Amino acid sequence: MNTPDLTTTTAWSTRRWMLLLVLCTVLALDGLDVSMVGVALPTIGAELGVSTETLQWVVSGYVLGYGSLLLLGGRLADLLGRRRIFLIALSVFILASILGGVASDPTILIAARFIKGLAAAFTAPTGFSIITTNFAEGPQRNKAISIYSVFGASGYSLGLIVGGLVTGLSWRWTMLFSVPFAVAVLVLGLFFIPRDGRAEEGGNDLAGAVALPAGMLILVYTVVSAPDVGWTSVRTIGGFVAAAAILAAFAVIENKVKHPLIRFSILKQGWVARANLAAVALFGSYLSFQFIVTLYLQSVLGWQPLTMALALLPAGLLVVGSAPFSDRLIDRFGGPKLIMVGMASQMAGYLLFLRIDTHPFYPLAILPSVILIGAGFALGFPSINVQATAGISNSEQGLAAGLVQTSTQVGAALVLAVTTALVTGGDQVAGASAQAMLDRYRPGLFLSVLVAAAGFAIAAAPRRKPRVVLPDPEPEPERTPVA
């Protein structure tokens with residue numbers, strides 16, 4: 001059966017909407033899973049009898065798997081077929097969710113989370129590249145990417161509410177909640193994701209495929225574990241040295257192999273480099289802020305998880321409400337301007353939150369920051385995704401999508417690790433006053449301000465125009481003397 005070429009279709013048919021629904025739902029399930037588990041961590045620790053250090057790996061294990069293999073996932077999708085990779089990875093996600101839901105040993109639970117991260121490392125860039133290769137560049141693609149990005153952010157926000165509700169039943173439901181939805185989407189994907197086949201050319205960069213994940217795993221593991229073992233410990237320094245050596249070897253490999261996993265010159269195209277740096281700043285500052293606010297609302301104010309989730313819900317509602325308008329804003333004002341406005345809005349929200357105290361009045365002390373930060377995310381996130389892939393050929397859309405999502409996840413993990421080090425852990429110290437605990441969290445808030453400011457500076461910096469090299473004038477033909 002011949003599949004219609006969706007890129008040449010002006011009107012969005014039912015089949016096109018169903019394709020977008022499949023891809024958006026999987027991305028939303030990824031975000032939902034992360035935030036639900038974050039809410040359930042204290043209950044998991046109490047039932048399984050594990051320490052806070054071990055609990056960190058329930059989240060960090062997912063980040064390690066996700067962030068280290070995103071580039072490989074996007075590239076393999078380009079080479080082996082996007083439909084095939086997407087459906088296989090989604091099946092692995094379902095099996096890992098079931099394994100985590102029935103786990104009674106923390107090691108098995110962490111392993112299940114790591115496997116889910118690996119699966120998401122393939123579904124996220126593959127789903128994004130399916131969009132960019134099935135929707136024509138311009139208004140159609142901008143609309144599709146805006147809806148796709150909003151679903152991801154909305155899934156994370158919705159997960160806070162769902163996590164607060166289902167944790168009251170059992171923390172295992174935070175692992176199993178996504179399974180029936182993922183199964184339904186898997187069946188729909190068999191019918192609505194177009195067949196694309198393998199790439200006509202391209203080799204298997206096995207050395208690069210091994211070196212990149214190894215270097216990223218060591219780097220992320222070192223940064224995440226550094227707050228526990230010490231930034232100046234032999235283990236931490238050795239980890240950074242090993243990661244630098246392996247990533248340097250990867251760069252050498254990519255410059256020598258015939259079919260590299262990453263073509264580094266892609267960073268020179270359009271807004272690719274800036275978009276990746278902006279993704280680090282936007283999501284890194286946002287995730288770190290949520291981490292600090294979670295500690296503040298629960299440890300200092302003593303709020304319940306569901307109450308905390310409802311307090312942060314306006315930010316999620318802003319992101320969801322922006323879905324019908326994001327593509328129009330990008331078409332009218334351009335992605336770069338919206339990224340600048342988004343980063344400025346986030347920075348203002350973080351600065352406003354610095355005045356918080358131990359007896360805040362929510363409508364005046366917390367809600368304005370939540371609204372500003374949510375608006376900044378709603379404007380910046382879809383615009384960054386559009387700018388990261390604009391002008392890139394179809395054969396490298398998976399690579400471009402993997403790059404920006406790697407920057408989003410790994411960058412956020414690095415910023416969050418530094419935040420954790422600054423606040424010296426989130427446990428309540430026996431006998432510590434609420435004000436003392438709040439003072440301990442303030443350096444983390446300052447870090448979010450600085451990271452957002454760096455993102456604004458990157459987006460606002462004038463772009464250097466490419467140097468135009470004029471061709472040498474052709475020599476005049478020799479004249480033959482006339483007798």
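Buried, for this talk, means under 20% relative accessible area, with exposed over 50% and partly exposed in between, using a 1.4 Å probe and protein chains only. Helices, H or I of at least four residues, and strands, E of at least two, are DSSP runs numbered from the N terminus.

This is a predicted model: local features need pLDDT of at least 70, side-chain atom pairs count only at pLDDT 80 or more, and totals for chains, interfaces and linings use all residues. Residues are numbered from 1 along each chain as its sequence is written, and side-chain values use heavy atoms, leaving out hydrogens and water.

Start with helix H15. Of its 23 residues, 17 are buried, so H15 is largely enclosed by the rest of the structure. Now its length. Just after H15, glycine 391 takes a positive phi of about 80°.

Next, the rings. Rings of Phe, Tyr and Trp (its six-membered ring) pair if their centres lie within 6.5 Å; planes under 30 degrees apart are stacked, over 60 edge-to-face, the rest tilted. The whole structure has nine aromatic pairs. One of them is phenylalanine 283 with phenylalanine 377: tilted, 6.1 Å centre to centre, 55° between the planes. That pair links distant parts of the chain, 94 residues apart: phenylalanine 283 is in H10 (residues 272–300), phenylalanine 377 in H15 (residues 367–389). Phenylalanine 283 is buried at 13%. Phenylalanine 377 is buried at 5%.

A second pair: phenylalanine 289 and tyrosine 350. Their centres are 5.2 Å apart and their planes at 45°, so this pair is tilted. Phenylalanine 289 is in H10 and tyrosine 350 in H13 (residues 335–353), 61 residues apart. Phenylalanine 289 is buried at 4%, and tyrosine 350 at 1%.

There is also a cluster. Ring pairs join Phe283, Tyr286, Phe377 and Phe381.

Last, arginine 83. Where does arginine 83 sit? In helix H3, residues 82–102. Arginine 83 is buried, at 11% relative accessible area. A polar atom of its side chain lies 2.6 Å from the backbone oxygen of leucine 190. Contact means heavy atoms within 4.5 Å. Leaving aside neighbours within four places in sequence, arginine 83 is in contact with Gly189, Leu190, Ile193, Pro194, Arg195 and Asp196.

Definitions and conventions: Polar contact = N/O pair within 3.5 Å; in protein donor to acceptor, adjacent residues only side chain to side chain.
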